[in-house]
Amino acid sequence: MVAGTSTALGWLLVLLFSAVAWYLSGQRRAGNKRGKLPPGPTPLPLVGNLFHLDPREMHRSLEKLSKTYGPVYTIHLGSLPCVVLCGYQAVKEALVDQGDDFSDRGAFPVFYRFTQGNGIAFSNGEKWKVLRRFALHTLKNFGMGRSSLEPRIQEEAQCLAQEFQGKKGVPFNPIDLVCRAVSNVICVLVFGKRYDYEDADFLLLLDHFNENFRIMSSRWGELYNIFPRLMDFVPGPHHRIFHNFEKLRQFITEHVRRHQKHLDRNNPQDYIDHFLLRMEQEKQDPQSYFHMDTLVMSTHNLFFGGTETTSTTLRYGFLILMKYPEVAARVQQEIDRVVGPGRPPCLADRKAMPYTDAVVYEIQRFISILPMGLPRAVIRDTPFRGFLLPKGTNVIPLLSSVLSDPTRFKDPASFNPANFLDKEDAFQGNDAFVPFAPGKRICLGASLARMEIFLFLTTILQQFTLQPLVPPAEIDLTPLCTGLGNVPRPYEFRVLPR
Ligand code: HEM
């Protein structure tokens, strides 16, 4: 018995000694490569700063830590050091003033397992530059961010309004309809077609999007990003993410095949057609970035990016407007005055609608849909605020902290359109409005998203009053889960024709 106990104790000591030796040698190895990272909370071996963080509310934990460690500090996610940037000034100095240095994508295991660094959003270096430039150029030619796409969005907004009308005052959850409408706008650009709201394949796919955004925004998604190898073996809902991604890959691949079959070389119809033509042009070039994997992943980035964030913003926006009916009523007054009932709202109206414009901005500011943006990394050894971040250091730009920076907004904690209005009630922009992240890697679809949010929101409010099923005071605006994204609580409402 005594011998057994001492053997166990011996093993424990060996294990402990190995762990400490491993940790110290790791620290030394990292220290050699490390340059000079900003200080932060002391990490533990293997788990890093796990105990300083709440994986259910990552961005809040990170904001809290900045109260102790300042606007620029280092946190360890497992054994990976990440530099956290908090508040307008720090994020601007890094992502804008030193934009080139901070332009790589940082480690994001939950996406990496699927993309393998292909596509636009999760590639780096020359590959990223070429694929991003190609996507921007092609989508702009099809009208992204330009008035030529406006009629398409207006049409889709009318389809959504018709669906709302069809509910005849019966309560419903808008999630599916809003998602279908928003997704159709990007589908036209990428796949060259819109989908019927009842199309079964389309609906299934959008369910996969929603589910992935929700799980990635839960503690499971965050834990996967910190301990990917371990979480591969831990049962849990995070495995659904990869199952859903696989379905998306199949859907996109099937579309690409159909495009290949019907490709008219003199008349490319959409992003996929253009990509296929470029693949043909460069098929002899072994260094080309235009091949099947990059096509499927870029298409996925545009499809997922173009659907989930914008539709969640609209859905959250409706909920906020029900919580603050006086704000919704003032927007409706402005719509009635500037647009009237006889024609659909258009982008040119925006200038004459400062209050509505301010409400749209304030919705995006208040919900901070991607509170930590997407992780960045430095492309070279980078001096920053007296530190030296070695090439490849991961960087987390805390967009939520910029969007609620008290030095930049009058009333950052509340939903208050006055955050974007001057004393004369004219619209007032703000450099700290960064839901799309600033700098070289700014969201590729920012201009499209802004057009969509304005046109969808005004079209719906022109035709309907939104009626909650509970008194406004009981509407809870805190997110259902928060991680990659801030996901609103599910709700039902009635839409009453005006
Ligand atoms: C409200 C709507 C949207 C928000 C808040 C949003 C936000 C963001 C943010 C924060 C990033 C990370 C930028 C960075 O690296 O720091 C991003 C990247 C990206 N977004 Fe969006 N996005 C929205 C809509 C869209 C739309 C409509 C599209 C499709 C056209 C899109 C496509 C992309 C792509 C492809 C990237 C990767 C860019 C790159 O790595 O170069 N997004 N978005």
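**The sheet and its surroundings**

Author: Start with isoleucine 75, whose bridge partner in S2 is cysteine 82. This is a predicted model: local features need pLDDT of at least 70, side-chain atom pairs count only at pLDDT 80 or more, and totals for chains, interfaces and linings use all residues. Residues are numbered from 1 along each chain, as its sequence is written. The labels are DSSP runs, numbered from the N terminus: helices (H or I) have at least four residues, strands (E) at least two.

Now look at the strands themselves. S1 and S2 run antiparallel, joined by six bridges. Two strands count as paired if DSSP finds at least two bridges between them. Strands of a sheet pair through backbone hydrogen bonds, either parallel or antiparallel. S1 and S2 form a hairpin with two residues between the strands. There, glycine 78 takes a positive phi near 65 degrees.

Cysteine 82 has a partner in S7 too: asparagine 394. S2 and S7 run parallel, and five bridges join them. Cysteine 86 stands opposite leucine 398 in S7. Six of the seven residues of S2 are buried, so S2 is largely enclosed by the rest of the structure. Buried means that 20 or more other C-beta atoms lie within 10 Å of the residue's own; exposed means 12 or fewer, and partly exposed is in between, with C-beta atoms placed from the backbone.

Step back to the sheet. It is open, has five strands in the order S1-S2-S7-S4-S3, and its pairing is mixed. S1 and strand S3 (104-105) are the edge strands, each pairing on one side only. Helix H3 packs on the sheet and touches S1, S2 and S7. Its direction makes about 115 degrees with that of S2. For such angles, axes are lines fitted to C-alpha atoms, for helices over the stretch in contact, and values run from 0 to 180 degrees between N-to-C directions.

Which residues of H3 (88-97) are buried? They are Tyr88, Ala90, Val91, Lys92, Ala94 and Leu95. An α-helix has 3.6 residues a turn, so residues three or four places apart point the same way. The buried residues of H3 pack against strand S1 (72-77), strand S2 (80-86), strand S5 (382-384), strand S7 (394-398) and H16. Residues are in contact if their C-beta atoms, placed from the backbone, lie within 7 Å.

Serine 368 is found between helix H15 (354-367) and strand S4 (376-377). It has a positive phi of about 40 degrees, although it is not a glycine. With 23 C-beta neighbours inside 10 Å, serine 368 counts as buried.

Now follow H16. The loop between helix H16 (399-403) and helix H17 (446-463) contains cysteine 443. Aspartate 425 has its place in the loop between H16 and H17. Its phi is positive, near 65 degrees. Aspartate 425 is exposed, with 12 other C-beta atoms within 10 Å. Cysteine 443 is partly exposed, because it has 18 C-beta neighbours inside 10 Å. It touches Phe436 and Ala437, leaving aside residues up to four places away in sequence.

Last, the ligand. Among the 26 residues that surround it, the closest are Gly305, Gly306, Ala437, Cys443 and Gly445. Here a residue is near if its C-beta atom, placed from the backbone, lies within 6 Å. Helix H13 (292-323) gives the most to this shell, with seven residues.

Note on methods: Two residues are in contact if their C-beta atoms, placed from the backbone, lie within 7 Å.
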